[in-house]
Structures are given as structure tokens and as C-alpha cells.
Amino acid sequence: MEKTLYSILAVFPTPNIEKTAEYYNEIMGFRIVKYLDVKEPHICLYRDCVEIVLTKANSDKVYTNRELYGYGEDTYIITDNQEGLQSEFISKGAKIVRPLNMTDYNNKEFVLEDIDGRWLAFGMKQK
């Protein structure tokens, strides 16, 4: 069978895309590319092979999966450098809501809360 799926990116509606982009740049090391003068204004964030697209929300609040559904992160980023990333993010002031651990479903991961209250997990299934 031919490979047809290659990647997935996260789309995060947010009340203030410039402020959120600044957080992702300063705290998490993402590169910012702005598309603010287009029909659907947005900002793309890039780090390694990960892309996050910020769009303007039509509300002043981000509704997280925890709030809407009772549990869950808002995105999961696969990495095999959990220790290094957690240390980097902590050194830049990130709010770690679940420190690096092994889950009961065999993922080694940590979770941080971004400026808008989203939970981002960083981890990988362990063999």
C-alpha cells in the first residue's frame, strides 16, 4: 500500500495570536511566521518537524479538553528527548503540570500548560 499520510499539525484558536506566538517562541523555542494580512489571519509556529497554527478565536477564552470533556491534553507531541525538553522549558519559565513520568499506558511523558491554559504532552510510547 502506498503511503499517503505524512504528518499532522495542531490548530489552536486563541484570543491573542501575537501574545500566544511570543510565548511559544520565548518559552518553547518555536520560530514564528506571521500571515496576518490574509483573508484568514494566522501565525505558524515551527520547531523541528512540529508545526502549530494559531488562529484568532471568536472568544476571550480558550476552552481546553479538560474543561470541555473532563480530561485529556490538548495536543501530544512525540519526542524521545523528554528529559532535555522538560529541563529547557523549565529553565525558560514553563509551567509543568505533570513532571516527567511513566504513565500506566507505558508512555514516558511530561505535560506543560501554555499561556492560554492548554495542556501539551511531550512523550513517546516505551517498548
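Is Phe30 buried or exposed, and what is its relative accessible area? Phe30 is buried, with a relative accessible area of 3%; buried denotes under 20% relative accessible area, exposed over 50%, and partly exposed the range in between, with a 1.4 Å probe and protein chains only.

## Basis of the model

This is a predicted model, in which local features need pLDDT of at least 70 and side-chain atom pairs count only at pLDDT 80 or more, while totals for chains, interfaces and linings use all residues. Residues are numbered from 1 along each chain as its sequence is written, and side-chain values use heavy atoms, with hydrogens and water left out.

## Aromatic pairs

A pair of aromatic rings is described by the distance of the centres and the angle of the planes. Rings of Phe, Tyr and Trp (its six-membered ring) pair if their centres lie within 6.5 Å; planes under 30 degrees apart are stacked, those over 60 edge-to-face, and the rest tilted. By this rule there are six aromatic pairs. In one of them, Tyr24 and Phe30 have ring centres 5.8 Å apart and planes at 70°, so the pair is edge-to-face. Tyr24 is buried, at 0% relative accessibility. Phe12, Tyr23, Tyr24 and Phe30 are linked by ring pairs into a cluster.

The rings of Phe110 and Phe122 have planes at 15° and centres 5.1 Å apart, so this pair is stacked. Phe110 lies in strand E7 (residues 107–113) and Phe122 in strand E8 (residues 119–125), so the pair ties together parts that are twelve residues apart in sequence. Strands here are DSSP runs of at least two residues (E), numbered from the N terminus. Both Phe110 and Phe122 are buried.

## Salt bridges and a charge over a ring

A salt bridge requires a side-chain nitrogen of Lys or Arg within 4 Å of a carboxyl oxygen of Asp or Glu. The count by this rule is twelve salt bridges. Among them, Lys61 pairs with Glu67, the closest N and O atoms being 2.7 Å apart. Lys61 is partly exposed at 36% relative accessibility, and Glu67 is partly exposed with a relative accessible area of 44%. The charged end of Lys61 also sits over the ring of Tyr63, 5.2 Å from its centre; this description requires NZ of Lys or CZ of Arg within 6 Å of the ring centre and within 35 degrees of the ring normal.

Arg66 forms a salt bridge with Asp74, with the closest N and O atoms 3.8 Å apart. Arg66 is partly exposed at 23% relative accessibility, whereas Asp74 is buried at 19%. A salt bridge also joins Arg118 and Asp116 (3.1 Å, N to O), and both residues are buried. Arg47, Asp48, Glu88 and Lys92 are linked in a network of salt bridges.

Technical notes. Helix = DSSP H or I, 4+ residues; strand = E, 2+ residues; numbered from the N terminus.
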